[in-house]
Amino acid sequence: MHLIKVDPRALRENPDKTRLTKSTAQADALLLATIKAVGIVQPPVVAPQTDGGNGFIIDRGHRRVRQAIAAGLEEIEVLVDEAANDNGAMRSMVENIAREPLNPVDQWRAIERLVALGWTEEAIGVALALPIRQIKKLRLLANVLPAMLDHMAKGDMPNEKQLRTIAAASLEEQKEVWKKHKPSKADPQVAWYNVANGLERTRMYAKDASFDDELAKAYGIAWVEDLFASADEDSRYTTDVEAFLGAQQEWMANHLPKRGVIVEADTWGRAKLPPKAEQVYGRPGKSDHAAMYLDREGKVQTVHYRMPEPKKAKGKDEPTNGAAGDDGIVASKPRPDVTRRGIEMVGDFRTDALHEALARAPIEDDTLLALLVLAFAGRNISIASGASGDVYGYARMDRHAARLVGNDGKLEFDRETLQQVARGVLIDVLSCRENRTDSGIVARIAGDAIGADGFLPNMGTEEFLSCLSRAALEVSCKDTPVLPRQKVKDTRAALVEHFKEERFVHPSALFAPDAAKLANWLVKHEAAEDDDLGEGAGEPDATEPAEVPDDEAYGVAAE
């Protein structure tokens, strides 16, 4: 590269220059004034002609050359560089971006021009420090209808959602819509909403497809990647809605479960179940049916339902299938083996026997713990759990108990599973929250027994310390280098700064219960020496109302 002086009028413009959008009149006037005052500070870069001529082609600095001519300069200094294989396209683009951001349309077109000159998308990405996905996205935008691009270059740009819709449409579709909504002299602004709305097509996404690639190929589905979506998700889609739904239907037919049917969706996107069918919202039974359908987004959904048992018709000489005979005699309903009263008596017998066995039968420790888990899962137990964010939620103990029972209905577990289940039950039951889930003093005793104090978080934060009084804050300064300040907020700020690297637990948060409250609780619930588990132990005296501890009153009232 060397420096020479030439007549700016002798220089030829590069037909493949990067910046196609005209600069503003104000910018040109400013550059002209600068050249008249101090000349050209940075010489333009030129290259020898490659078409057989002996002149020079402007590589970088078209505006400087034009304004030098306008300023009447006879000679200017230029840097002569060797012609690049791509006619200087990449160098021109990089320099233009460094000097002033390119108009978006010029950037899109410049990248497409680099590809046409032999640059790969990977090489362009490395040169411009852009990801390959972004290069593909900009190339897609460069192939928007040229008339639309020319108008966008003037500054009238659609938003990203509208641009996404426009770029995804074919050129033929863009031409048809542009004819209807192109700007006029009376209204130079384009209603991009109408343009995008005219090009909007229903998209069916690959992430919602249940069928595999082989079935997609059989239906002629060609996935298109949505380059405007997040790179960390599967954004492939197709606008061939009919083929997508057909492939989904075939997949459902091939994967229909036993006692399953394919149904349609109603106007609300829900399954149209058979008449008199009752949808099952919990765990389906063996006799329940499955209904598969496609929702509004084309996803395969499955719901379960059960049909009511058919009513037996009354008639004379009624056969076993309930059909009526011809002699007018109505068959009497057979008596069940055990009446309702008998079933109730069986329930009493079982309960008494169960209690007797629990009181007297030898039970191993592991079995006893497993039985306690089963007791918590009983239908007569309702536990307001503090394990979830739902204050009014109840503990689902059945899921714990189910892990201890085998398919034959007998206890079947190993010691590790039993310990996991027991921990899960205790987590769901015990709570120290100040709401209806509070377990009372027993949760404090349990936490103290297992050393839960060691798991308390650092309470030396602005949020917690703001809840303390001045006296409590000054007490918290004990055993620390922090001295109480005149203002409470200054003392609090100093404590927060001190406890950033240390752990602070306020004494009121420790699990060990207050001695007076504990003694009161023990007195209220102390069992009599002559209590007998086999004689209704734990039942309140019928002549006296049952006592409710003060610390449990909130939970009882909520129940």
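Predicted model: local features only at pLDDT ≥ 70, side-chain atom pairs only at ≥ 80, totals over all residues.
Okay, a residue counts as buried when its relative accessible area is under 20%, as exposed when that area is over 50%, and as partly exposed in between, with a 1.4 Å probe and protein chains only.

Residues are numbered from 1 along each chain as its sequence is written, and side-chain values use heavy atoms, leaving out hydrogens and water.

So, α1 covers residues 25-38; a helix here is a DSSP run of H or I with at least four residues, numbered from the N terminus. Which residues of α1 are buried? They're Asp28, Leu31, Leu32 and Ile35. Looking down the axis of α1, those buried residues fall within an arc of 100°, so they line one face of the helix; the arc is taken from the directions between the helix axis and the C-beta atoms. Turned away from that buried side are the exposed Gln26, Leu30, Ala37 and Val38.

α1 and α2 pack at about 65°, their axes 9 Å apart. Those axes are lines fitted to C-alpha atoms over the stretch in contact, with angles from 0 to 180 degrees between N-to-C directions. The contact (heavy atoms within 4.5 Å) involves, among others, Ala27 of α1 and Arg63 and Gln67 of α2.

How values were computed:
Helix = DSSP H or I, 4+ residues; strand = E, 2+ residues; numbered from the N terminus. Expected span 1.5 Å × (residues − 1).
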